[in-house]
Amino acid sequence: MALKLDDNIFIAQLDGLASWVRKNSLWPMPFATACCGIELMATASSRYDIARFGSEAMRFSPRQCDVMIVAGRVVMKMVPVMQRIWLQMSEPKWCISMGACASSGGVFDTYSVVQGIDRFLPVDVYVPGCPPRPEQLIRAVLDLQEKVQRTGTINAREFRDRDHYEGPTPLATELPVEELVVAPGNYRTGTRLRLN
Amino acid sequence: MPAYLDVLNAKFPNAFTTSAFRDNQRVQLDAETAPRVLFPLLRTLKEQCGFDMLFEVGGIDYLHYPDAVDRYCVVYGVLNTTTGERLFVKAFANDPDPVLPSAVPLWEGANWMEREVFDMYGIAFTDHPDLRRILMPEEYTSFPLRKDYPLRGHGERHNFQHLTRAES
């Protein structure tokens, strides 16, 4: 028996419907600590206009946000702050790691800069670049929208399985003291002294 | 010879040495005399020689430096705002506990700069009103600008709990 519906009635899965609603209004939490933050602001400007994809409403309260965009290097002292902000965001939430520094530490391989925020937070989308162009960030938002549409569920069941560490393997060794290259060297010849 | 050196020589005979590099004039105090002489010397410079502004406090670690005698050095840059004359006072200190007198009673601006030197080099300043770390976290135990500290640290930067998606 065929059932005839009126033309103004649609049938969809509830999961897909919820994801469709969510993905088109991803409100970012701008966790901007460095130059990537400038590109993040440019992405919101009229020239690049992230509002075309529903992500223009930057809220500075984590309670109102759906996606945390970590833009810039994160130092040791900032990690507890970042984790606290992440925990304060309400479900469902996602995280974009924007730029080389947030994703891997970038050129800042020093004692105080963490080598990628994915060691401490679950990251959904990575954006390469130093800093990434606004188009790349828009691409990341589109990728995240696709991910939300593909995996999203109305009661956030897809997050329940992600109960394991998703970051890179821990750094095997920190540099031992005897490997240390130290300044000051001989500035006339441009060489550096090596201990031992 | 600059006028302030006459005053200093009269008041602190044989307590310091001088040197110059281009237009940088320096007064050096070695580790033995610095704890005793540094504060009265800075006070003399401020009150009798017209060096009324402290524009810089910085630290140096001379570990493995060619011909260095003492390990740590704290550099005080003072400026005479009437004549534009600048002078650097270098006070040395040594392990195991490098200690120097604080310049905060003379210049309030030394407060945070000495905290930074303490944070980075572990040089303590006696009579400092609030000697805490200023850049690194409170629970940090190393002094990262010492030359025997590895560039990548001792792993402190990864000493945090990680959050999985299911629990956060």
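In the predicted model, chain A and chain B bury about 3,100 Å² between them, with 63% of this area on carbon and sulfur atoms. The size of an interface is often given as the accessible area lost when the parts come together. Chain A contributes 38 residues to the contact, and chain B contributes 30 residues. Two salt bridges are counted between chain A and chain B. In a salt bridge between Asp109(A) and Arg157(B), the side chains meet at 3.1 Å, taken from N to O. Nine residue pairs are found in polar contact across the interface of chain A and chain B, with both residues of a pair at pLDDT 80 or more. On the side of chain A that touches chain B, helix 3 (79-88) and strand 5 (181-186) of chain A each supply at least two residues. Helix 3 of chain A provides the largest share of that side, namely five residues.

Chain B has 168 residues, of which 49% count as buried. The secondary structure of chain B consists of three helices and seven strands. Read from the N terminus, the order of the elements in chain B is α-β-β-α-β-β-β-β-α-β. Along the principal axes, the C-alpha atoms of chain B fill a box of roughly 70 × 35 × 30 Å. Among the contacts in chain B with a separation of 6 or more, 52% are accounted for by residues 24 or more positions apart.

Several loop residues of chain B were examined individually. Asn14(B) lies in the loop between helix 1 (3-11) and strand 1 (17-21) of chain B. The phi angle of Asn14(B) is near 60°, which is a positive value in a residue other than glycine. Asn14(B) counts as exposed because its relative accessible area is 79%, and the cut-off for exposed is over 50%. A positive phi, about 65°, also occurs at Asp67(B), although this residue is not a glycine. Asp67(B) is located in the loop between strand 3 (53-61) and strand 4 (72-79) of chain B. With a relative accessible area of 79%, Asp67(B) is exposed. Glu32(B) belongs to the loop between strand 2 (24-29) and helix 2 (34-47) of chain B. Glu32(B) is exposed as well, at a relative accessible area of 73%. Glu32(B) and Ala15(B) are 17 residues apart along the chain, and their C-alpha atoms are separated by 9.6 Å.

Two cis peptide bonds are described here for chain A. One joins Glu91(A) and Pro92(A), with omega about -5°. Pro92(A) sits in the loop between helix 3 and strand 3 (94-98) of chain A. The other runs from Cys130(A) to Pro131(A), with omega near -10°. Pro131(A) is in the loop between strand 4 (125-127) and helix 5 (134-151) of chain A.

The surface of chain A was also considered. A nonpolar patch on the surface is formed by Leu14(A), Leu17(A), Trp20(A), Val21(A) and Ile154(A), which together have about 490 Å² of accessible area. Within this patch, Leu17(A) is placed in helix 1 (residues 14-23) of chain A. Leu17(A) is partly exposed, as its relative accessible area is 40%.

Methods
Residues are numbered from 1 along each chain as its sequence is written. Chains are lettered from A and ligands numbered from 1 in the order in which they are written. Side-chain values use heavy atoms; hydrogens and water are left out. Patches are made of residues with over 30% relative accessible area and no salt bridge: like charges are joined within 9 Å, nonpolar side chains (Val, Leu, Ile, Met, Phe, Trp, Tyr) within 5 Å. Accessible areas come from the Shrake-Rupley method with a 1.4 Å probe; for residues, only the protein chains shown count as cover. A salt bridge is a side-chain nitrogen of Lys or Arg within 4 Å of a carboxyl oxygen of Asp or Glu. Helices (H or I, at least four residues) and strands (E, at least two) are DSSP runs, numbered from the N terminus. Buried means under 20% relative accessible area, exposed over 50%, partly exposed in between (1.4 Å probe, protein chains only). Contact means heavy atoms within 4.5 Å. Buried area is the accessible area (1.4 Å probe) that two parts lose on being put together, summed over both. A polar contact is a pair of N or O atoms within 3.5 Å; within protein, one must be able to donate a hydrogen and the other to accept it, and residues adjacent in sequence count only if both atoms are side-chain atoms.
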